[in-house]
Amino acid sequence: MSNTEDTARVPDGGSGVGWYTRHGAKIWVGVIIVLLVGYLIATLQRAWLMLSETDLVAKGLGVALVILPVIGAWALSRELLFGSRMSKLARTLEAEGGLPVDNLPRTPGGRIVREAADREFLKYKAEAEAAPEDWRSWFRLSCAYDAAGDRKRARESMRHAIGLSRS
């Protein structure tokens, strides 16, 4: 074993995937959730203070401050559910060996070269058109949209993949 291989090993059974690599995103999601919940609680406290006032304008603002945290909690739960379902599909696809390989060329700044992403996109678009009821093809199409920089269509395709996997 060379020195390079020896230093690249991590104490996770030799898989080469470090603890932070596996759990870092979950940590940041947890931090964001804690901050958002704190914000929602503070907003509800302010809403309660405003609702207890006699002024109608203050009561109106208090009602608005009750509605906003409800919308925030709904949006947060929806995003968490989306992320959870997407991760489950990714694990399934990875176990099957069907995840797209990230081998696209990158600029010196680390961005994917758009022309290469567009060429790769055509392959996954044709796959999704050939198998429109296969969630796997839609998952890969979502990854291709994301690589091409079209986040809106990437999310739409991923939602479609999640819907197909659930039916």
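**Pockets and ring contacts at a glance**

The largest pocket here holds about 600 Å³ of space. Keep in mind that this is a predicted model. The second largest pocket comes in at about 420 Å³, and the structure also has one aromatic pair.

**Largest pocket**
- Its lining takes in 19 residues, with A25, K26, G83, S84 and S87 lying nearest the centre.

**Second largest pocket**
- Here 23 residues make up the lining, and S142, C143, A144, D146 and A147 lie nearest the centre.
- Helix 3, helix 4, helix 5 and helix 6 each bring at least two residues to this lining, and helix 5 gives the most, with six.
- The class count for this lining is 15 nonpolar, two polar and six charged.

**Aromatic rings**
- In the one aromatic pair, the rings of F121 and Y145 have centres 4.8 Å apart and planes at 50°, so the pair counts as tilted.
- That pair ties together distant parts of the chain: F121 sits in helix 4 (residues 114–130) and Y145 in helix 5 (residues 135–147), 24 residues apart.
- Both F121 and Y145 are buried.
- F82 has R155 over its face, at 4.5 Å from the ring centre, and R159 also lies over the face of F82, at 5.4 Å.

**S157**
- S157 belongs to helix 6 (residues 151–166) and counts as buried because its relative accessibility is 4%.
- Leaving out residues up to four places away in sequence, S157 touches W138, L141, S142 and Y145.

Technical notes. Residues numbered from 1 in each chain as written. Predicted model: local features only at pLDDT ≥ 70, side-chain atom pairs only at ≥ 80, totals over all residues. Heavy atoms only, no water. Phe/Tyr/Trp six-rings, centres within 6.5 Å; stacked < 30°, edge-to-face > 60°. Helix = DSSP H or I, 4+ residues; strand = E, 2+ residues; numbered from the N terminus. Buried < 20%, exposed > 50% of the residue type's maximum accessible area, 1.4 Å probe, protein only. Lys NZ or Arg CZ within 6 Å of the ring centre and 35° of its normal. Contact = heavy atoms within 4.5 Å. 1 Å grid on protein atoms, 1.4 Å probe; cavity = no way out; pocket = protein on both sides within 12 Å on 5 of 7 lines; lining within 4 Å. Points joined across faces, edges and corners; volume = space filled by probe spheres on them. Nonpolar A, V, L, I, M, F, W, Y, C, P; charged D, E, K, R; others polar.
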